[in-house]
Each structure stands twice: as structure tokens, then as C-alpha cells.
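Let's take a walk through this fold, one packing arrangement at a time. Keep the model open beside you and follow along.

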Amino acid sequence: YRDYTQRDDSSTIDWKASVRTGKLLVKEYEEERRLDVFFLIDISNSMLFGSTDKLKNEYSAELAASLAFTILEVGDEVGFALFNDNVSLVSHPVAGKQQFFKLAKALSDPKNYGGNYDLNNAVKFLLSFLEQGTLLIIISDFIGLKGEWTHYLRTAAGKFDIVAIMINDPR
């Protein structure tokens, strides 16, 4: 609650609270939201290709870091997993700048890159790892999809909101 000013719309006056206090009060609502955003980032061999001045994994790292920084700035939580044929590095969704630095450090370490591609395995892991309602952002070139990948993504779409971002190279 706050005092009514002449610039306020009179329809926002809380008349019951105003009668109790003896002065005009306006009720303001503060939006409470806590969004968990989880990045699933491809670190397989196919991401180590680039026919331009940057490799595909550099573009994906810049994209993930930029989005994570913005999401953390508004107070939401960010988590991430790096995957190739296995899920190699996982961090639960957490708020704060330390999470951004943890993500940036993981994405800039060349030891984390390489290996085959298995999206099915990564999505299976996330189905048991993440809470329902999490926003899942998959960053990959999607080269090497095999098996029942559509089944796993449909199942995940029932539990999460999913955004898939494809990293392409001109070649």
C-alpha cells in the first residue's frame, strides 16, 4: 500500500484500507515470478567446425552466455548441462552472478568439447532431473539425430517449455 497521489487512477484506491487508516491508499501489486531456465548445450565434435572466423561452439557459447546474463539480471534462475554422447557437466538452476561465471567458465574450457552426439540420452536425463514448468533452451546444430528423438522431445514438451536454437555454418 502507498498514499494516493493526484497522478494515480482513482480506480486503484483500496477503499477498505483507506477507511481503516483515515487516508487514501492505493494498492500496488508486485509481480512475483520465479522462472527456471535451463540450457542444454551441445559440445559434440560437430560443434567444433567452422568455415568462418568462429567455430559453431563459439557462437553457441556467446548465445548461451548472453541469454543467461539477461535472465539472471531480471532475477530468474539459470541452470545448464553440456552434452555430447553423455551429459558431462550439470548445474542446477540458481540465481546470481556466480552462476553466470560458472557457465562462462564451463563454455570457455576446451577440455569440455568433443565426443559423439546423443540428444536422446540428454533429454532422458533431463526428464528425471528438472522440475515441471522449466524453460528448456536447447542449443545445438542437431547433426546426428537418431532413433526415437521425436518421441523424447514430445515427452519433454509435455513437462517443459522448450526452445530449440540451431547453430548453422554456411557450409
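Predicted model: local features only at pLDDT ≥ 70, side-chain atom pairs only at ≥ 80, totals over all residues.

Helix α2 (residues 56-73) and helix α3 (residues 97-108) have axes that come within 9 Å and cross at roughly 175°. Anything over 145 degrees counts as roughly antiparallel, so α2 and α3 are roughly antiparallel to each other. On the α2 side, the contact is built from Ala 61, Ala 64, Ala 65, Ala 68, Phe 69, Leu 72 and Glu 73. What does α3 bring to this contact? Its share is Lys 97, Gln 99, Phe 100, Leu 103 and Leu 107. Sort the residues of the α2 and α3 contact by class and you get 9 nonpolar, 1 polar and 2 charged.

Now look at what else α2 does. Helix α2 lies across β3 (36-42), β4, β5, β6 and β7, and runs at about 175° to β3. Those strands belong to an open sheet of 5 strands with mixed pairing, in the order β5-β4-β3-β6-β7. The edges of the sheet are β5 and β7 (161-166), each of which pairs on one side only. On average, neighbouring strands here are turned by 15° against each other, if you ignore direction.

Strand β4 (residues 77-83) and strand β5 (residues 87-94) pair in the antiparallel sense, over 5 bridges. A hairpin takes the chain from β4 to β5 through 3 residues. Which residue of β5 is the bridge partner of Phe 83? That would be Val 87.

Strand β6 (residues 135-140) and β7 are parallel, and 6 bridges join them. If you want a spot to check on screen, find Ile 139, which stands opposite Ile 165 in β7. While you're looking at strands, remember that side chains in a regular strand alternate between the two faces of the sheet.

Helix α4 (residues 119-129) packs with helix α5 (residues 149-159) at an angle of about 25°, and their axes are 9 Å apart. Since angles under 35 degrees count as roughly parallel, α4 is roughly parallel to α5. The crossing of α4 past α5 is left-handed. From α4, the contact takes in Leu 119, Asn 120, Val 123, Lys 124 and Leu 127, while α5 supplies Trp 149, Tyr 152, Leu 153, Thr 155, Ala 156 and Lys 159. By class, the α4 and α5 contact holds 7 nonpolar, 2 polar and 2 charged residues.

Leu 127 deserves a stop of its own. This residue sits in helix α4. Setting aside its neighbours within four places in sequence, Leu 127 touches Thr 155, Ala 156, Lys 159 and Phe 160. Leu 127 and Phe 160 are 33 residues apart in sequence, yet their C-alpha atoms are 8.9 Å apart in space.

Finally, step back to the whole chain. It has 5 helices and 7 strands, and from the N terminus on the elements run β-α-β-β-α-β-β-α-α-β-α-β. How far does the C-alpha trace span along its principal axes? About 70 × 35 × 30 Å.

Methods: Residues numbered from 1 in each chain as written. Heavy atoms only, no water. Axes fitted to C-alpha atoms, helices over the stretch in contact; angles between N-to-C directions. Helix = DSSP H or I, 4+ residues; strand = E, 2+ residues; numbered from the N terminus. Parallel < 35°, antiparallel > 145°, perpendicular 65-115°, else oblique. Left-handed = near helix turned anticlockwise from the far one by under 90°. Contact = heavy atoms within 4.5 Å. Nonpolar A, V, L, I, M, F, W, Y, C, P; charged D, E, K, R; others polar. Pairing = 2+ DSSP bridges.
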